[in-house]
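Reader: Could we go through this structure together? I would like to begin with its overall form.

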Amino acid sequence: GDIIEVAAGNYKIRTPIAISKSLTIQSTGKTTLTYTGAAGSPLFEMNPMGKLTLRNLNLTGGSTQFAFATLKENMSSLYNLALDKCTVSGFDYILKAYKYSMSRYIRLSNSTFTDCKNGLELSGEIDDKGDYNAENILIEKCTFDGIQSNVVDYYRGGYDESTVGGRLAITNSTFTNSGAEEKNGILLNTYGIINVDISNNTFSNNSVKLVAQLWGAKNNHHANNTITNSGKIVVEENLKLKTFY
């Protein structure tokens, strides 16, 4: 429950910071955390029961590391992550959520994400049993620029109607020059997520076929988005089923 206020300056972080409790890190000045750790390691390692809030911080990486990641295994409890008035740049992944991890909420507000190979990767549950990696993802008043793939990859596999299916809200945000390496050609991947709201956003010069492909049979909606050179948003009544032999 502590609040750590970091003085203005540039701080080099060489090993992951493990978060296993409730913690707020913030600054009232110009503060940069530069991560120089090993490739594939996170600046902030989200552990079970970790609840991290960052305010007014700049995070930079060396292109091969992750800004945030869960443990690869033994995620026995939920974690939560919130960013407000932050910048994140130069990472391989903004967030890498591994299989069997679960977050109650991921909340990004008033923040900027630039020049990262991958964005929010929450598609670890690939067994198609109705599982997913976060209950709520809320993105408001954010900017994403130069994110090559997985800008938002939020996946719920399978057709189990007993699971609630997650909630994604992306509002009043801007997405530019992103998705160039996205294999499926969709900027915002929301496959199988029950509740989706994409409203009042601007999409400009993103190298994709579609901004999003929504599920009309569920609570998926879009409204008042401005789209330029970025494909379009389409709504399909039913998910395309995989064929099993």
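Author: The radius of gyration is taken over C-alpha atoms, and the globule rule is 2.2 Å times the number of residues to the power 0.38. This is a predicted model, in which local features need pLDDT of at least 70, side-chain atom pairs count only at pLDDT 80 or more, and totals for chains, interfaces and linings use all residues. Residues are numbered from 1 along each chain as its sequence is written, and side-chain values use heavy atoms, with hydrogens and water left out.

Reader: What radius of gyration does the protein have, and what would a compact globule have?

Author: The protein has 17 Å; a compact globule of 245 residues would have a value near 18 Å, so the two agree. Along the principal axes, the C-alpha atoms fill a box of roughly 50 × 40 × 30 Å.

Reader: How many helices and strands are there?

Author: There are zero helices and 25 strands; helices (H or I, at least four residues) and strands (E, at least two) are DSSP runs, numbered from the N terminus.

Reader: What share of the residues is buried?

Author: Buried residues make up 54% of the 245, where buried means under 20% relative accessible area, exposed over 50% and partly exposed in between (1.4 Å probe, protein chains only).

Reader: New topic: how many disulfides are there?

Author: The count is zero, a disulfide being a pair of cysteine sulfur atoms within 2.5 Å.
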